[in-house]
Amino acid sequence: MSRRLSLNGLLLHDSENRDAARVLALTGWDDTAELNVLTVPNTGGAGVRTAGTWTSKEKYPTVSGRLAAADRAAFETVRAQLLAACPIGQQVELVLDDDLTETQRMFVYRADQATVQWANGLWVAYTLPLVAADPFKYPVEPVVGVCGVFLGQSWFREYAADAPADTARAYRLAGGRWVRTYAQNQPIGLPDSVQLLSDGDVTSERVTVTVTGPLDAGDWYLTNLVTGEQLYADLSLVAGQNLVFDCYEQTAFLNGTEDVTTLAFGDWLTLPPGASTFQLVAGTDSDASATFSALPASE
């Protein structure tokens, strides 16, 4: 059986070449994170998201092992590589690749000093205390899908109490007022929804959406029909412009550089276990599209 463990691209364990890289102990990888019910929403700190929703508390994986270093110069080089792979406070990926299971990764950072020693003139012996603020495990590759706009919602313009003169068009009475509804047209070329399947056992917040214009401000939103979540942005996009939502980080960037997070509101989208249907809902037909990318989450 082949098994490899890497940290931010640095190989820590290779079952086919243990003389070069060998992990002696990995703890905390399969711990179950309990709900942290003692924290208060919106105050920051472990177990709290800025949205004020409860999340699982941190896990604390620890990796101990040895890397080959035949002389003092090699020790200094390997030591520098090891510490650079996991700087204090910087989130990196801890990836476990096993022939018997799907390759999984955990997002971790180092919050304390690492123990690094030169052992027997042959090894860099180390212990890395890590923190996983997000306690779940994820596959390396996301599930991805693309859709065009969906026009089936009742987008409308309000009128006076009396019915407008042009009654031959699509009008209806809603809430005591006459409103005009738009035609429900299937977008050309792209489907009007996309289904993403999670084989994980917990809800994932690691959802990213790239919306490509043209779209008018106030005339569109994103939704997960299974959870009922709806994410809005008070922003117009011309053809070719991209707006990227990172639902885990709770950010929105226009064309990759301009931070427009303050224009986003509503629910940050999630991917629960099973199948979820996502849509880009708009009141006016256009060539706009949305690419949904998500990482299924597991304990």
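The chain is made up of one helix and 23 strands, as laid out in a model that is predicted. Among the contacts between residues at least 6 apart in sequence, 69% join residues that are at least 24 apart.

In soluble globular proteins, nonpolar side chains tend to be buried together. Here the largest nonpolar core has 32 residues, and those with the most contacts inside it are V211, W220, L222, L243, F245, L280 and F292. Apart from this core lies another, of 27 residues, which includes L7, V23, W29 and M106. The surroundings of F292 can be followed residue by residue: once its neighbours within four places in sequence are left aside, F292 is in contact with V143, V144, G145, C147, V194, L196, T208, V209, L222, L269, F278 and Q279. One of these partners, L222, is itself listed with F292 among the residues that have the most contacts inside the largest core.

A pair of aromatic rings is described by the distance of the centres and the angle of the planes. The count for this structure comes to seven aromatic pairs. In one of them, the rings of F245 and W268 have their centres 6.5 Å apart and their planes at 65°, and because an angle over 60 degrees counts as edge-to-face, the pair is assigned to that class. This pair links distant parts of the chain, since F245 belongs to strand β18 (residues 242-246) while W268 lies in the loop between β21 (264-266) and β22 (274-282), 23 residues apart. F245 is buried, with a relative accessible area of 0%, and W268, at 18% relative accessibility, also counts as buried because the cut-off is under 20%. Together with W220, F245 and W268 form one aromatic cluster, and both W220 and F245 are named among the residues with the most contacts inside the largest core.

Aromatic rings also meet charged groups. The charged end of R66 sits over the ring of W123, 3.9 Å from its centre, and that of R206 sits over the ring of Y138, 5.3 Å from its centre.

Turning to cysteines, a disulfide is a covalent bond between the sulfur atoms of two cysteines. A search of the whole structure finds zero disulfides.

Most residues other than glycine have a negative phi, and most peptide bonds are trans. The peptide bond from G213 to P214, by contrast, is cis, with omega near 20°, and P214 lies in the loop between β15 (207-212) and β16 (220-224). Phi of N8 is near 55°, a positive value in a residue other than glycine, and N8 is found in the loop between β1 (3-7) and β2 (10-14). For N255, phi is likewise positive, near 55°, and N255 lies in the loop between β19 (251-254) and β20 (258-259). N8 is partly exposed, with a relative accessible area of 42%, and N255, at 42% relative accessibility, counts as partly exposed too.

Notes:
Residues numbered from 1 in each chain as written. Predicted model: local features only at pLDDT ≥ 70, side-chain atom pairs only at ≥ 80, totals over all residues. Heavy atoms only, no water. Core = buried A, V, L, I, M, F, W, Y, C linked by side-chain atoms within 4.5 Å. Buried < 20%, exposed > 50% of the residue type's maximum accessible area, 1.4 Å probe, protein only. Contact = heavy atoms within 4.5 Å. Disulfide = S-S within 2.5 Å. Helix = DSSP H or I, 4+ residues; strand = E, 2+ residues; numbered from the N terminus. Phe/Tyr/Trp six-rings, centres within 6.5 Å; stacked < 30°, edge-to-face > 60°. Lys NZ or Arg CZ within 6 Å of the ring centre and 35° of its normal.
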